[in-house]
Amino acid sequence: MSPYITMTIVLVMYVVKAGMKLTVGAAVDSPVLTGDGAHNAADFVEAALVLFGTWIASRPPNGEYPFGWRNIEHIASALIGIGLGLTAMHVAWDAVVRLSAYMAPLASVVSLITTVPPRAGTTGTGSWIPAAVAGGSALVSVVVGRYEVTSGRRNGRPSIVADGEETLMDGGIEAVACIGLASAHWFGAPWIEYPLALFVACIMAHTAWEIGSHGIGGLLQRSIGSDTEQHMRDAIVTIPGILDITDLRTFFAGGSAVVIAKISSRWSGDAATHLKEVVLERIAEVLVDAHILEHARFVRFVPPDREQHRVAVALVTHATNFHVASTLATATHLRICDIADGAIERWKDVACPERLAERAELLAAKRVQKCLMLMAVTEERQELGRHDIALTLAPSHDPVHLGHDPVYLGIK
Amino acid sequence: MPHDAPLTRVCVPFRDTRNGRIAIQYAGDLAARCNVPLVVLTHDDDPCDDTAERARMTRYCETITTCPVRLEPAYRPDTFPAGTALVVQPEQADASDAMIVIATTEPHCAPRGNRSLCIPLGNGSSGIRAMEFGIALARTLDTDIVLYHSTWRDPRIHIEDPKAHVCADARRVIDAAQIRLGTVHARCALVIETAERVAAGIIRTALRQRAAAIVMSRGTHTGYGSYVDQVVRESPIPVIIVPTPEEDAS
């Protein structure tokens, strides 16, 4: 199902249809057929442009266009959607105007805007050939349209899908024309065509909206879908070592999805490489489940916020023996610890000033956020509170239990 | 206690740090699931004599784990019974420990819903040793087993399937493992590949298979560059290191 073969088949179809309708329409004097033949000639030009766009979209990415040229498909989709919408409006208006010839109240409204045409002939036309040509053309449009849509989806070509949908709509119009011509020829009731044309116009308008909005959404880099993104997040956060997905951006470049993820993890080096490999696999699994077969994934690992802060430990020292003080007043030293990533990165001991207020001021000057000791005395809590320092109960009197390396404490 | 219970007790050092709290949480979760005591190891003997200190430390542990806690003096491996597991941070996983060592940065035994046990097999007895422990642990935790083997590609064999490149010794080990798993009716999968690096293959397979832990045992012939050490260094998944019997180590 090469996209080029598909569009070549479509082009041949339009050449045959246009040629047949124009020839037969002129021979049997059927304005419906000749008009539809001219429409098919315009469709030929559109299909040629889609083929050209497909070729451009196939060009590989380069430094100037790192995501390639695939977005040209969205331009084609948007234009096809707009064109189909205008066609739907034209078909609907034409049907309303012609129907007004059979409905006086409607005619009174339509006549305000345009001239109400005379009713189509009630006697049968001379030939069944126009109905047969229109019916055959409708059948070909449906078959080729379905083939085009399937080929476009398999190859990830939104412009071919859009053109295929438009071909299917053409088939609908041709089927309505066939019914109208047949009812005029066999039943003398050409008006049957007009309500059917209105129905087809509604379907065309809906399809035009879908195609056009998809194309414009692609140009505006709309995300691939909140459901798919949530599945991606759910799949990634179950991986051990992943803290969070800090940023996830997705969009379509043509029929190819682009996923850009920034992931927070404390792991680096080889471990981060392993995690990244599995994250890419999980993203691919989610995209395949969402029937997105073409994709580009970009994952970057960033370390989490270091959560850097300062903590003080009130210590009592006797020669080489250290333990956490019961209260701030009984401490002989204050150990000022720099904490980062939940661990002590650096500590420094300072001798305690005489008075409690001076001790609190010293801690404030060192930008300490909390002070550890074994007991909570109200006066000390209040004094520290004046400097926004929290008094925290230490779970043990042994500094080793608080994370201090025994090597640096001179302890075996 | 069932005779094939994998553990008799779970120990963890007392540390009031982020990683220390994670280790206590993991140890508590494991002890609860295996229905064994949780022992928190203190740096010195004081807590045994100091009632207030013991109360402080016990209270602290109760904020981290719901499992009942027993405090015991510092790490003395000769006093610990067989089946003792020591939960530590990866950088503290000691090569010479005679007990089961669990290196973890995750706070739960089934982190984020991951449940299976990944057991790498080589061409020696270390994989079988790890597998026996893994079987007992998998039955206790009611989880699956994933056997993993990475083989060197034999250039004389022009078959892409990695299974065709497995050496005879490794094939005997894998077959014995599968037979053993069949006799105990354990749910298991087998992954064989030709990984660029063995440690990377083990870790990535464990991540792909959504493993809760990697179970390994040290080989007796490796002089340098043990795969166990490499995996412990690089694995975000907890690694359970099964000790080597003294007669095998000598």
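Is E234(B) buried or exposed? In this predicted model, E234(B) has a relative accessibility of 6% and therefore counts as buried, the limit being under 20%. The residue belongs to helix α7 of chain B, which spans residues 227–234. Its side chain is joined to that of R197(B) by a polar contact of 2.7 Å. When residues up to four places away in sequence are left aside, E234(B) touches W267(A), D270(A), A271(A) and H274(A) in chain A, together with R197(B), A199(B) and I203(B) in chain B.

Nonpolar packing was examined next. The largest nonpolar core holds 52 residues, and those that touch the most other members are M232(A), V279(A), I283(A), L287(A), I214(B) and V231(B). Helix α9 of chain A (residues 269–289) supplies the largest share of this core, with 8 residues. For I214(B), the contacts beyond four places in sequence include C118(B), P120(B), I202(B), I203(B), A206(B) and V231(B). Also touched by I214(B) are S235(B), I237(B), P238(B), V239(B) and I240(B). A further core of 49 residues lies apart from the largest one; V12(B), L121(B), V166(B) and A213(B) are among its members. In soluble globular proteins, nonpolar side chains tend to be buried together.

Helix α10 of chain A (residues 356–365) has L356(A), A357(A), R359(A), A360(A), L362(A) and L363(A) as buried residues. An α-helix has 3.6 residues a turn, so residues three or four places apart point the same way. The buried residues of α10(A) pack against the strands β4 (309–318), β6 (333–340), β7 (343–351) and β8 (370–373), and against helix α11 (378–385), of chain A. After α10(A) comes R367(A), which has a positive phi near 65 degrees.

In one of them, the ring centres of Y65(A) and W69(A) are 4.6 Å apart and the planes meet at 35 degrees, so the pair is classed as tilted. Both partners are partly exposed: Y65(A) has a relative accessible area of 36%, and W69(A) has a relative accessibility of 25%. A second pair, between F67(A) and F251(A), is edge-to-face, with 5.6 Å between centres and 85 degrees between planes. Because F67(A) lies in the loop between α2 (31–57) and α3 (72–99) of chain A, whereas F251(A) lies in strand β1 (residues 244–253) of that chain, the pair ties together parts 184 residues apart in sequence. F67(A) is partly exposed at 34%, while F251(A) is buried at 10%.

R59(A) is placed over the face of W69(A), at 4.5 Å from the ring centre. Likewise, R335(A) lies over the face of F322(A), at 5.5 Å from the ring centre.

The structure holds 0 disulfides over all chains. C11(B) is in no disulfide, and the nearest cysteine sulfur, belonging to C67(B), is 12 Å away. The relative accessible area of C11(B) is 0%, so this residue is buried. For C109(B), the closest cysteine sulfur is that of C34(B) at 6.9 Å, which is too far for a bond, because a disulfide requires sulfur atoms within 2.5 Å. C109(B) is likewise buried, at 6% relative accessibility.

Methods
Residues are numbered from 1 along each chain as its sequence is written. Chains are lettered from A and ligands numbered from 1 in the order in which they are written. This is a predicted model: local features need pLDDT of at least 70, side-chain atom pairs count only at pLDDT 80 or more; totals for chains, interfaces and linings use all residues. Side-chain values use heavy atoms; hydrogens and water are left out. Rings of Phe, Tyr and Trp (its six-membered ring) pair if their centres lie within 6.5 Å; planes under 30 degrees apart count as stacked, over 60 as edge-to-face and the rest as tilted. Buried means under 20% relative accessible area, exposed over 50%, partly exposed in between (1.4 Å probe, protein chains only). Helices (H or I, at least four residues) and strands (E, at least two) are DSSP runs, numbered from the N terminus. A charge sits over a ring if NZ of Lys or CZ of Arg is within 6 Å of the ring centre and within 35 degrees of the ring normal. Contact means heavy atoms within 4.5 Å. A nonpolar core is a set of buried Ala, Val, Leu, Ile, Met, Phe, Trp, Tyr and Cys residues joined through side-chain atoms within 4.5 Å. A polar contact is a pair of N or O atoms within 3.5 Å; within protein, one must be able to donate a hydrogen and the other to accept it, and residues adjacent in sequence count only if both atoms are side-chain atoms.
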